[in-house]
Amino acid sequence: MGFSTDIVLPASLSPVWPDVCVRCGVPRPGDHINLSVSKDHPLLPFPLATGRVERAPVCNHCAGPLRFERPARFWLFAAGLTAGLMLGYWLASSGAVPFRRATKWMPIVCGLGGALPGVIYNIFFPIAIEAELKGDTVCYEFARADIAAEFKRLNTGPSSGSGAA
Ligand SMILES: [Zn+2]
């Protein structure tokens, strides 16, 4: 799996979800997760402001991992950042940095370095579904391109009838 597939819809639209699990793709999944449609900042792992909540379909098997995934990734990011900052302060205070001018930047450099694995992991292994409020549009980010395509077809396609078998 690569990067996420993004579908942008007007924020005023209540989207129709495909009748498949957004994580594994199994049909008629029967459960849902509360998907927070929120305003995010690219450098922050948590939302700046929460908009509305939508119900994204998931199967019983995926509901648990999906609810657990976001906090787990946040703590991975926070732990990396904290470890990096601590290492940076230790290096700065121990005098191990050869250049005095570089000393004050050590905590920042090490903190960013520590946070980087979490950021890179999120880019290459996106969460199954996320929704970000951007002005008067909502960007739905799908890990799976096939489910994103079906979601797009249901909400923007010329024949938006519900006759799929
Ligand atoms: Zn599933």
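**View 1. Arg 28 sits in the loop between β1 and β2.** This is a predicted model, and our tour starts at one residue of its chain. Arg 28 has a positive phi of about 45 degrees, although Arg 28 is not a glycine. For context, most residues other than glycine have a negative phi. Is Arg 28 buried or exposed? Arg 28 counts as exposed, because 9 other C-beta atoms lie within 10 Å.

**View 2. Pro 27 and Val 26 belong to the loop between β1 and β2 as well.** The strands on either side of this loop are β1, residues 5-10, and β2, residues 30-39. Pro 27 has 11 C-beta neighbours inside 10 Å and so counts as exposed. Val 26 has 15 other C-beta atoms within 10 Å, which makes Val 26 partly exposed. Each of these two residues can be paired with a residue from further along the sequence. Pro 27 and Pro 57 are 30 residues apart in sequence, and their C-alpha atoms are 9.8 Å apart in space. For Val 26 and Val 58, the separation is 32 residues in sequence and 8.4 Å from C-alpha to C-alpha.

**View 3. Stepping back, the whole chain holds four helices and five strands.** In what order do the elements run from the N terminus on? The order is β-β-β-α-α-α-β-β-α. The chain has 165 residues, and 24% of them count as buried.

**View 4. Helix α1 covers residues 60-94 and bends at Glu 69.** The bend is about 35 degrees, and a proline, Pro 71, follows within four residues. How far apart are the end C-alpha atoms of α1? They are 52 Å apart, which agrees with the 51 Å that the 35 residues of α1 should span at 1.5 Å a residue. The buried residues of α1 are Cys 62, Leu 66, Phe 77, Gly 80, Leu 81, Gly 84 and Gly 88. After the helix comes Gly 95, with a positive phi near 75 degrees.

**View 5. Helix α3 covers residues 106-124 and bends at Leu 116.** Here the bend is about 35 degrees, and Pro 117 is the proline that follows within four residues. At 1.5 Å a residue, the 19 residues of α3 should span 27 Å, and the end C-alpha atoms agree with this at 27 Å apart. Which residues of α3 are buried? They are Met 106, Cys 110, Gly 111, Gly 114 and Ala 115.

**View 6. Helices α1 and α3 meet, with axes that come within 6 Å.** The two axes cross at roughly 160 degrees. Angles over 145 degrees count as roughly antiparallel, and α1 and α3 are therefore roughly antiparallel to each other. What is the handedness of the crossing of α1 and α3? The crossing is right-handed. Sorted by class, the contact of α1 with α3 has 18 nonpolar residues, eight polar residues and one charged residue.

**View 7. Gly 111 is found in helix α3, and its C-alpha atom is 7.8 Å from that of Met 86.** Along the chain, these two residues are 25 residues apart. Why does Gly 111 count as buried? Gly 111 has 20 C-beta neighbours inside 10 Å, and a residue is buried if 20 or more other C-beta atoms lie within that distance.

How values were computed:
Residues numbered from 1 in each chain as written. Predicted model: local features only at pLDDT ≥ 70, side-chain atom pairs only at ≥ 80, totals over all residues. Axes fitted to C-alpha atoms, helices over the stretch in contact; angles between N-to-C directions. Helix = DSSP H or I, 4+ residues; strand = E, 2+ residues; numbered from the N terminus. Parallel < 35°, antiparallel > 145°, perpendicular 65-115°, else oblique. Left-handed = near helix turned anticlockwise from the far one by under 90°. Nonpolar A, V, L, I, M, F, W, Y, C, P; charged D, E, K, R; others polar. Expected span 1.5 Å × (residues − 1). Bend = angle between axes of the 7 residues up to and from the residue. Buried ≥ 20, exposed ≤ 12 C-beta atoms within 10 Å, placed from the backbone.
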